[in-house]
Amino acid sequence: MASCASLSVKRDTATSGTFNSSARSFTIFSYAIPRPSIQIAHENIADAGLPNTHATSVSHTDWGWFDWLLEIISVRSARVKGTWGFNGESLGLDPSVVSDSE
């Protein structure tokens, strides 16, 4: 069995930006194949080698009270969105005073 995953990275400045990682996995008898989808989504971000990553939004499949029945056989999905890198504001610098040439 294989999973399906994707990662998109957007650069906002020379040293920072945003990312969007999503993944799906197959669940049978409460066992996620090959791994839980949330774990795959986080691993994609780590494998990209982006510095200083921060997840701002994490979502996964939740079917409420019906979820126990789907543990028999289902497909689970997860999405992680966030920021990466360093910009002047995260370092405590005023972007209007400091330029990239300094």
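Modeller: Buried means under 20% relative accessible area, exposed over 50%, and partly exposed in between (1.4 Å probe, protein chains only). This is a predicted model: local features need pLDDT of at least 70, side-chain atom pairs count only at pLDDT 80 or more, and totals for chains, interfaces and linings use all residues. Residues are numbered from 1 along each chain as its sequence is written, and side-chain values use heavy atoms, without hydrogens and water.

Biologist: Why is F66 called partly exposed?

Modeller: The relative accessible area of F66 is 34%. That falls between the limits of 20% and 50%, so F66 counts as partly exposed.

Biologist: Where does F66 sit in the chain?

Modeller: F66 is in the loop between strand 4 (54–60) and helix 2 (67–70). The protein chain has two helices and five strands (DSSP runs, H or I of at least four residues and E of at least two), in the order β-β-β-α-β-α-β from the N terminus. Of its 102 residues, 26% count as buried.

Biologist: Which residues lie nearest the centre of the second largest pocket?

Modeller: They are P36, S37, H60, T61 and R76, out of 15 lining residues. Strand 2 (16–28), strand 3 (31–33), helix 1 (37–47) and strand 5 (73–85) each give two or more residues to that lining. The space in this pocket is about 180 Å³.

Biologist: How many residues of each class are in the lining of the second largest pocket?

Modeller: Four are nonpolar, seven polar and four charged. Asp, Glu, Lys and Arg count as charged, Ala, Val, Leu, Ile, Met, Phe, Trp, Tyr, Cys and Pro as nonpolar, and the others, Gly among them, as polar.

Conventions. 1 Å grid on protein atoms, 1.4 Å probe; cavity = no way out; pocket = protein on both sides within 12 Å on 5 of 7 lines; lining within 4 Å. Points joined across faces, edges and corners; volume = space filled by probe spheres on them.
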